[in-house]
Amino acid sequence: MSIPFSNTHYRIPQGFGNLLEGLTREILREQPENIPAFAAAYFENLLEKREKTNFDPAEWGAKVEDRFYNNHAFKELNEDKEKEEFAAVKIQAAFRGHVAREEVKKMKSDKVKDETEDEME
């Protein structure tokens with residue numbers, strides 16, 4: 001985020017935008033008379049939930065933001081998944097080739113048997 005007509009660029013801490021979006025959503029939903037008091041109660045409630053459940057919405061929001069904007073955290077997972085898929089396709093192709101070769105061998109042996117039986121008659 002930058003300020004117009006300024007050379008200074010401020011960075012919003014990770015997860016903070018997510019917290020403000022949650023507060024904004026609740027303000028729009030509840031339409032409180034005293035917004036600062038409502039915000040204080042909202043953040044106190046979040047702190048209580050974080051202490052009870054060990055779930056930090058700011059940390060979660062930072063991970064979500066990082067996932068969508070940087071993709072560095074999820075690139076490695078995606079690369080591993082692509083390697084696994086490639087390996088699976090290769091194994092399946094090898095197995096299908098093996099099955100096809102066995103069928104061809106069987107067809108050849110059946111043909112040879114038929115020819116030898118025809119010659120015997």
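Author: The account below begins with the chain, turns to the salt bridges, and ends with the core and one glycine.

The model is predicted, so local features require pLDDT of at least 70 and side-chain atom pairs count only at pLDDT 80 or more, whereas totals for chains, interfaces and linings use all residues. Residues are numbered from 1 along each chain as its sequence is written, and side-chain values use heavy atoms, with hydrogens and water left out.

The chain contains four helices and zero strands, where helices (H or I, at least four residues) and strands (E, at least two) are DSSP runs numbered from the N terminus. Its pattern along the sequence is α-α-α-α. Of the 121 residues, 11% are buried; buried means under 20% relative accessible area, exposed over 50%, and partly exposed in between, with a 1.4 Å probe and protein chains only. The chain exposes about 11100 Å², of which carbon and sulfur atoms supply 56%; accessible areas come from the Shrake-Rupley method with a 1.4 Å probe, and for residues only the protein chains shown count as cover. Among contacts (heavy atoms within 4.5 Å) between residues at least 6 apart in sequence, 42% join residues at least 24 apart.

Side chains of opposite charge can pair when their charged atoms come close. A salt bridge is taken here as a side-chain nitrogen of Lys or Arg within 4 Å of a carboxyl oxygen of Asp or Glu, and by this rule the count comes to three.

R29 is exposed because its relative accessible area is 54%, whereas E26, at 22%, is partly exposed.

Another pairs K105 with E102, at an N to O distance of 3.8 Å. These two residues also lie three apart, about one turn, in helix α4, which covers residues 72-120. K105 has 52% relative accessibility and therefore counts as exposed; E102, at 37%, counts as partly exposed.

The remaining pair is R50 and D56, whose side chains meet at 3.8 Å, N to O. R50 counts as partly exposed because its relative accessibility is 35%, and D56 is partly exposed at 24%.

In soluble globular proteins, nonpolar side chains tend to be buried together. The largest nonpolar core has seven residues, namely L19, L23, I27, A39, Y42, L46 and A58. Helices α1 and α2 (35-53) each supply at least two residues of this core. Such a core is a set of buried Ala, Val, Leu, Ile, Met, Phe, Trp, Tyr and Cys residues joined through side-chain atoms within 4.5 Å.

G15 lies in the segment before α1 (16-30). Its relative accessibility is 0%, so G15 counts as buried. G15 and K63 are 48 residues apart in sequence, yet their C-alpha atoms are 7.7 Å apart in space.

An unreviewed UniProt entry lists residues 14-51 as "domain: RIIa"; UniProt positions are given in the numbering used here, feature names are shortened, and annotations may be inferred rather than shown by experiment. In the model, the span 14-51 is 84% helix and 0% strand, with its end C-alpha atoms 20 Å apart.
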